[in-house]
Amino acid sequence: MYKKSTWSLFLLLAMTFLMAACSAENEEGTKAKSVDNAEKYADVFEVTDEIAHDFMVVKTEQNYPEILGYLSSDGVEELKEKKSYLLDSHEYPNRFEELEGNYELRRYDNFYSEEKKEVYYRYRTPDDQNVLTNGWIIIKPNDESEWKVESFYGERPEIINDSNAETGTVLHELPKE
């Protein structure tokens with residue numbers, strides 16, 4: 001019996017070690033791809049980073065006339081269907097300024113590919129109770145090759161999960177407290 005429990009303990013430790021090694025290897029591979037993509041697609045990211053930042057600002061302020069200019073045609077139609085009564089309003093002027101830099105903007109350059117041509121961003125801002133909330137921005141080219149935000153209601157892309165949510169490039173870091 002003692003030999004069985006020793007053997008079981010050994011197997012458990014070996015499996016744990018292998019899982020940890022694979023996880024670290026996967027994380028290093030994701031970071032390496034992020035660096036490679038950041039360099040390889042620098043021209044794309046130069047354009048989309050500015051769009052993502054500016055969209056985050058107008059969305060934070062709920063400046064709907066400005067938001068419409070960033071959205072794809074499908075995104076405009078979706079917003080008109082769901083919030084047509086707000087399209088002429090700018091609900092919270094200066095709300096972004098009031099954050100005083102208390103936000104994070106992250107680009108997931110490690111998931112960009114020539115085939116899919118989608119650039120993913122996550123921004124984090126505090127809500128009214130000072131709890132950080134995530135917003136998602138997906139930018140892709142339209143038929144005229146202009147980079148547009150896919151939807152006002154950006155959802156976390158399926159490819160991004162808890163194990164890789166902190167990868168990519170931080171364009172603006174939350175201040176350390």
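## The end of helix α2

In this predicted model, Gln62 follows helix α2 and has a positive phi, near 50 degrees. The helix itself has 19 residues and spans 26 Å from its first C-alpha to its last, close to the 27 Å expected at 1.5 Å a residue.

Buried residues of α2 include Val44, Phe45, Ile51, Ala52, Phe55 and Met56.

## The chain as a whole

The chain contains 5 helices and 5 strands, arranged along the sequence as α-α-α-α-α-β-β-β-β-β. It has 177 residues, and 37% of them count as buried. The accessible surface is about 11600 Å², with 51% of it belonging to carbon and sulfur atoms.

Of the contacts between residues at least 6 apart in sequence, 61% join residues at least 24 apart.

In soluble globular proteins, nonpolar side chains tend to be buried together. Here the largest nonpolar core has 30 residues, and those with the most contacts inside it are Phe55, Ile67, Leu71, Ile137, Ile139 and Val149. At least two residues of this core come from each of α2 (42–60), α3 (64–70), α4 (73–83), β2 (119–126), β3 (132–141) and β4 (147–149). The most come from α2, which gives 8 residues.

Beyond its neighbours within four places in sequence, Ile137 is in contact with Ala52, Phe55, Met56, Val119, Tyr120, Tyr121, Tyr123 and Val149. Another core, of 7 residues, lies apart from the largest one; Tyr108, Phe111, Tyr120 and Ala165 are among its members.

## Salt bridges

Side chains of opposite charge can pair when their charged atoms come close. The whole structure has 13 salt bridges. In one of them, Arg107 pairs with Asp49, with the closest N and O atoms 2.8 Å apart. This pair links distant parts of the chain, since Arg107 is in strand β1 (residues 104–107) and Asp49 is in helix α2, 58 residues apart. Arg107 also forms a salt bridge with Asp109, at 2.6 Å from N to O. Arg107 has a relative accessible area of 6% and is therefore buried; Asp109, at 0%, is buried as well. Asp49 is likewise buried.

The salt bridge between Lys117 and Glu114 has an N to O distance of 3.7 Å. Lys117 counts as partly exposed because its relative accessibility is 33%, and Glu114 counts as partly exposed at 38%.

How values were computed
Residues numbered from 1 in each chain as written. Predicted model: local features only at pLDDT ≥ 70, side-chain atom pairs only at ≥ 80, totals over all residues. Heavy atoms only, no water. Core = buried A, V, L, I, M, F, W, Y, C linked by side-chain atoms within 4.5 Å. Buried < 20%, exposed > 50% of the residue type's maximum accessible area, 1.4 Å probe, protein only. Helix = DSSP H or I, 4+ residues; strand = E, 2+ residues; numbered from the N terminus. Contact = heavy atoms within 4.5 Å. Areas by Shrake-Rupley, 256 points an atom, 1.4 Å probe, with all protein chains shown as cover. Expected span 1.5 Å × (residues − 1). Salt bridge = Lys/Arg side-chain N within 4 Å of Asp/Glu carboxyl O.
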